[in-house]
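Subject: Structure handover

Hello,

Here is the structure I promised to pass on. Please open it beside this email and follow along.

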Amino acid sequence: MAFVPGLTLCRRFHHEVLAPLLADRCPGLRYAAALLDGGSELLGLDTARSTDHDWGPRAQLFVAARDADRIPEVRAALDAGLPAEFLGWPTRYVGHGDARLGVVDANGDRHGVTVDEVGGWLRDRLGFDPTRGVAVGDWLATPTQRLAEVTGGAVFHDGLDGALTAARAALSWYPDDVWRHVLAAAWTRVAQAEHLPGRCAEVGDELGSRVVTAVLAHDLMRLGLLLHRRWPPYDKWLGTLFARLPPAAPVVAALTDALASDAWAARQAGLARALETLAAWTNDTGLAIPVDPAVRPFHRRPFLVLHAGRFAAALRAAITDPTLRARPPFGAVDQYVHSADVLTHPDRTRRVCTALLPP
């Protein structure tokens with residue numbers, strides 16, 4: 001079977017199969033159809049490799065709360081009416097249990113079309129319903145990967161008076177004060193580690209120097225996406241999406257030099273170029289008073305650093321919400337939690353964030 005990008009496949013699946021089936025078997029149903037739940041195809045990054053699991057003709061159907069009692073009817077119509085395949089791809093899946101779809105297989109025991117009440121799905125996926133407003137705590141408890149998914153993907157049809165479209169619009173980007181807080185947290189992380197690669201190298205720990213440099217590169221790529229109003233994805237696609245930023249090429253080259261070099265001097269030079277570029281990007285946002293973006297010695301030690309805490313301080317000083325300004329500079333939950341078993345469960349991320357609130 002020829003590879004078709006997943007969003008293209010699923011859009012056609014809705015238009016050519018699901019919409020006619022629902023019109024015939026569930027007349028008068030008001031619904032939205034989309035693909036917002038996860039997978040490389042939501043970011044337009046799927047390839048033929050992606051087809052080996054959790055990929056194929058599928059969609060999410062949403063109904064309003066007033067029509068929630070029709071969900072069993074819709075599910076029954078889908079069970080009975082979906083064809084065995086679409087564009088050569090089976091519409092059934094096998095493996096992985098109920099949590100994930102598994103592999104497309106003509107002998108699969110379930111199809112890839114879910115049906116949910118829209119507000120309930122949003123609360124389950126995010127921990128809140130963005131059509132009712134997005135509070136500071138909601139932003140900070142939501143991993144950027146989830147925001148990338150819900151605002152990425154595609155809506156194939158929105159017959160719910162635009163409710164699904166409105167939810168995505170509400171999550172398009174942080175309010176400025178939350179953006180400042182998250183950027184300040186990112187620069188704080190950099191400030192805590194930017195001098196360590198040099199110290200590791202000074203005592204002969206080349207592996208340690210490379211490891212810390214890699215951590216800094218990871219944080220700088222996430223920071224660069226945030227500075228350009230792009231939701232950072234999880235690690236598999238972080239480098240890909242960062243490299244697609246129009247001004248990213250010099251930073252990609254600088255970080256590649258820093259990570260590839262066997263000599264500390266060259267590694268430091270690459271890091272310095274990357275730090276100075278992202279510092280200039282921060283000034284360009286206009287979110288805070290500009291700060292000198294040049295690197296400088298780390299106190300009396302022979303390591304060049306940005307002293308990135310200067311940027312964190314400027315951003316924090318520009319926050320107008322006194323409650324948010326008083327928060328510790330942790331940022332959003334995925335800036336300090338890296339466990340997928342936490343980040344994929346909104347109830348867990350929200351408990352973590354609540355536990356860190358000032359008394």
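Below is what was found in it, from the whole chain down to single residues.

This is a predicted model: local features need pLDDT of at least 70, side-chain atom pairs count only at pLDDT 80 or more, and totals for chains, interfaces and linings use all residues. Residues are numbered from 1 along each chain as its sequence is written, and side-chain values use heavy atoms, with hydrogens and water left out.

**The whole chain**

The chain has 16 helices and eleven strands. Both are DSSP runs, numbered from the N terminus: helices are H or I with at least four residues, strands are E with at least two. The C-alpha atoms fill a box of roughly 75 × 45 × 30 Å along the principal axes. Of the 359 residues, 51% count as buried. Buried means under 20% relative accessible area, exposed means over 50%, and partly exposed lies in between (1.4 Å probe, protein chains only). Now take the contacts in the chain with a separation of 6 or more: residues 24 or more positions apart account for 67% of them. A contact means heavy atoms within 4.5 Å.

Strands of a sheet pair through backbone hydrogen bonds, either parallel or antiparallel. Here, two strands count as paired if DSSP finds at least two bridges between them.

Four strands form an open sheet, in the order β8-β2-β1-β9, with mixed pairing. β8 (113-117) and β9 (154-158) stand at the edges with a single partner strand each, so one side of each has no neighbour in the sheet. From one strand to the next, the twist averages 20°. For such angles, axes are lines fitted to C-alpha atoms (for helices, over the stretch in contact), and values run from 0 to 180 degrees between N-to-C directions.

Go through the pairs one by one:

- β1 (residues 32-35) and β2 (residues 59-63) are antiparallel, over three bridges. A34 has Q60 of β2 as its bridge partner, and A33 stands opposite L61 in β2.
- β2 and β8 are parallel, over five bridges. L61 stands opposite V115 in β8.
- β1 and β9 are antiparallel, over four bridges. The partner of A33 in β9 is H157.

Helix α1 (residues 6-25) touches β1, β2, β8 and β9, and its direction makes about 20° with that of β9. Helix α6 (residues 163-170) touches β1, β2 and β9, and its direction makes about 145° with that of β9.

Which faces of β1 are covered? Both are: A32 and A34 on one side, and A33 and L35 on the other, are all buried. In β8 the side chains alternate.

**The three-stranded sheet**

A second open sheet has the order β6-β5-β7, with antiparallel pairing. Its edge strands are β6 (103-104) and β7 (110-111), and each pairs on one side only. β5 (residues 92-94) pairs with β7 over two bridges. There, Y93 has R110 as its bridge partner.

**Single residues to look at**

Find R125 in helix α3 (residues 118-126). Is R125 buried or exposed? R125 has a relative accessible area of 16%, so it is buried. Leaving out residues up to four places away in sequence, R125 touches L36, D37, G38, R146, E149, V150 and P346.

Next, the backbone angle phi. Most residues other than glycine have a negative phi. D54 is not a glycine, yet has a positive phi of about 55°. D54 is found in the loop between β1 and β2. At 9% relative accessibility, D54 counts as buried.

H299 also has a positive phi of about 55° and is not a glycine. H299 lies in the loop between β10 (296-298) and β11 (301-305). At 59% relative accessibility, H299 counts as exposed.

That is the handover. Please go through it with the structure open.

Best wishes
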